[in-house]
Amino acid sequence: MNLAIIFAGGSGVRMGAGIPKQFLEINGKPILIHTLQLFQEHHEIDRIYLAMSRDYMEYARALAEEYHIDKLAAVVPGGETAQDSIYNALKCAREENPGDSVVLIHDGVRPCVEYDVISENIESVKNYGSAITATPCYETILISHDGQRVDEVPLRAESYAAQAPQSFYLKDILEAHEKIRAREKRYEGMVDACTIYRALGRQPHIVYGNRGNIKVTTPEDVYMFRALLQYRENEQAFGLPQSDSMAAKMKRFQKRKSCDQ
């Protein structure tokens, strides 16, 4: 089984919106639906588990029904932190799926991950036990402990920006969460699944992501997302050169279609 764990617990504070950012409508659909459809339409994903604030669980279920997200297995209540929420979704998934299921942990407001990146995450877990989606950094990264002085400049050739999904076997990432939760400081300083995994001395494996795989957090990100959607529409409408993943997706679709006939 291949499972998507989607965390959508943001409050929209940085966005400055009156509603949580995952429900902002872009091109007539909430950002969350754009994200869920990526996994709904992926042929390797079997089930989706969504973690979010209790206040919006029923609304999320209604949206999933409206947009025919029938792979949605459960909407679970979030916790105090993002990692608490993800843990709740992982526990729910454990009740219904074997421990050797592959889980892809993804942000509800990261609606542009490419089709092939999802496939490569699944393949990486099968080959290496984990997958951390990342892209090489094209700008110099600075480390500052006080926000004023530059304390370290990592080599750009060795610097990567972590994205999502971050993927593991269900039993492995649950075990990692439970060991961290048993510590006094629990998730303090734990920003994502990669951090949790490495804190236990484990070595995650990198999968190269697509540079358009943005996390929609600020108003500027909304403009970028709209531009990405328009670019994809132009690719299809005007015969512009398509991205490798889009071309591969169309080839797979045509192959399945010919087999069905």
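## A pocket and a mixed sheet

The second largest pocket holds about 570 Å³ of space. Here a pocket is an open set of points on a 1 Å grid over the protein atoms alone, where a 1.4 Å probe fits, with protein on both sides within 12 Å along at least five of seven lines; the volume is the space filled by probe spheres set on the points. Its lining counts 31 residues, of which F7, A82, I86, D107 and K215 are the closest to the centre; a lining residue has an atom within 4 Å of a point. Elements giving two or more residues to this lining are α3 (82-96), β6 (102-107) and β8 (160-169), where helices (H or I, at least four residues) and strands (E, at least two) are DSSP runs.

A quick word on the model: it is predicted, so local features need pLDDT of at least 70 and side-chain atom pairs pLDDT 80 or more, while totals for chains, interfaces and linings use all residues. Residues are numbered from 1 along each chain, and side-chain values use heavy atoms, without hydrogens and water.

Now to the sheet: seven strands form an open, mixed sheet ordered β5-β4-β1-β6-β8-β7-β9, pairing meaning at least two DSSP bridges between two strands. β5 (72-77) and β9 (206-208) are its edge strands. β1 (residues 2-7) runs parallel to β4 (residues 47-52) over five bridges, with L3 opposite R47.

| Helix | Strands touched | Angle |
|---|---|---|
| α1 (residues 31-40) | β1, β4 and β6 | about 155° with β4 |
| α3 | β1, β4, β5 and β6 | about 150° with β1 |

Terms used
Contact means heavy atoms within 4.5 Å. Axes are lines fitted to C-alpha atoms, for helices over the stretch in contact, and angles run from 0 to 180 degrees between N-to-C directions.
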